[in-house]
Structure formats: structure tokens, C-alpha cells
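Here are my notes on this one, point by point. Have the model open beside you as you read.

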Amino acid sequence: MLMLVGTAAFASPSTVDEPQKKKPVKLGVATSGPEAVQAEAKDENLPPMLTEKTNNLNPELLKRFDAFRTNIYQKHGVTLEINSGYRSSEKQAYLYRTLPRGMASAPGTSLHEKGDAIDYRPASPTYNQDLAKFGLKAPYAGVEDWHVETTS
Ligand SMILES: [Zn+2]
């Protein structure tokens, strides 16, 4: 049983140009009854996250981010995307070399290399006010509002 919350759920689906062959990421979803948590309700109009961006991410982080993302979609009508998730050490080294100082951690020290951090877009301090409700935090708020991790 799917719990649809808010009027956004009834927007026309015909404008969504989504690849039908891609399966959305399956996450733990509250099934039915009044105990179904709104934060875990799925919204059929919210396009699935791109699987190449979710690869190798900590499943708990991904689950919490998906709930946060659904909340932001229902509240603001904005579809958040993962801009950067898991990174190999090679990729982290490349970013460290090429980005301005302080914008990427040294290779071997980034939570992205463990699949424990997500950079999302479009980022907003307003959206981040809801992070804690979903067990997430933005440790570099004000500098990198887009970078989120689990609180524990
Ligand atoms: Zn990051």
C-alpha cells in the first residue's frame, strides 16, 4: 500500500520523461496503516535517483537521503539530485589537485571514499533545516551546503 501525501502526488505524470527501463532504487518503505511514516512515503512523481550516482553508497545514508529528498519534493516541489556520492581514491586525488584549495579533502581522508557522504544539488540552507529530522547533517554548512553525512 502506497501512502501519497500532498497535492504534488496528483500532478500530471505525462510530463515526466523518465527512462522506463531503469528500476528505481528499492529502499525500506513503510508499508501500510497509520504507523506508516510520512518521511518514508514514496512519491511516484519524484524521479528515481540515477543508479550510477548511488553506487557504492552506504545503504543507510542512501535511505535517509531518499527520505529527505522525498520530503523536500513534497514541501518545495524541488527534485534533489546526487551530484557526487562515492568516489574512488583516484577521483578524490584528481579533485584535490584540480579544485580550489579547501574544496576537496586530501585523498584518503574524505568520507566520499567510504561511500559515507553525498553532495546534492540544488543545495539550500533552507532545505538543510530539515536534515536532522532524517538523521543527516551538513558539517560544512555555509561553505558546502550540498555536502551531507549521517549524524551517526
Ligand atoms: Zn562532499
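1. A definition to begin with: the expected span of a helix is 1.5 Å times one less than its number of residues. Helices here are DSSP runs of H or I with at least four residues, strands are runs of E with at least two, and both are numbered from the N terminus. Helix α2 has 18 residues and covers 25 Å from its first C-alpha to its last, close to the expected 26 Å.

2. Some housekeeping. This is a predicted model, in which local features need pLDDT of at least 70 and side-chain atom pairs count only at pLDDT 80 or more, while totals for chains, interfaces and linings use all residues. Residues are numbered from 1 along each chain as its sequence is written.

3. Now the overall layout. The protein chain has four helices and four strands, in the sequence pattern α-α-β-α-β-α-β-β. Of its 152 residues, 22% are buried; buried means 20 or more other C-beta atoms within 10 Å of the residue's own, exposed means 12 or fewer, partly exposed is in between, and the C-beta atoms are placed from the backbone. Two residues are in contact if their C-beta atoms, placed from the backbone, lie within 7 Å. Among contacts between residues at least 6 apart in sequence, 67% join residues at least 24 apart.

4. On to the sheet. The four strands form an open sheet in the order β1-β2-β4-β3, with antiparallel pairing. Because β1 (81–84) and β3 (136–137) stand at the edges with a single partner strand each, one side of each has no neighbour in the sheet. Strands count as paired if DSSP finds at least two bridges between them. β1 and β2 (residues 118–121) run antiparallel and are joined by three bridges, with I82 bridging to Y120 and S84 to D119. β2 and β4 pair in the antiparallel sense over two bridges, and here I118 stands opposite V148 of β4.

5. What does the largest nonpolar core look like? A nonpolar core is a set of buried Ala, Val, Leu, Ile, Met, Phe, Trp, Tyr and Cys residues joined through C-beta atoms within 7 Å. The largest one has 18 residues, and F65, F68, I118, Y120 and V148 touch the most other members. α2 and β2 each supply at least two residues of this core, and α2 gives the most, with five. F65 touches I118, L136 and V148, leaving out residues up to four places away in sequence.

6. More on α2. Its buried residues include L61, F65, F68 and I72, but also R64, D66, R69 and N71. What covers the buried residues of α2 includes β2, α4, β3 and β4. Just after α2, G77 takes a positive phi of about 70°.

7. L131 is worth a look. L131 lies in the loop between α4 (125–128) and β3, and it is partly exposed because 19 other C-beta atoms lie within 10 Å.

8. Two loop positions with backbone features to check. The peptide bond from R121 to P122 is cis, with omega near -10°, and P122 sits in the loop between β2 and α4. N56, in the loop between α1 (51–54) and α2, has a positive phi of about 65° although it is not a glycine. N56 counts as exposed because it has 12 other C-beta atoms within 10 Å.

9. Last, A106. This residue is found in the loop between α3 (89–98) and β2, and it counts as exposed because it has 9 C-beta neighbours inside 10 Å. The C-alpha atoms of A106 and L95, eleven residues apart along the chain, are separated by 8.7 Å.
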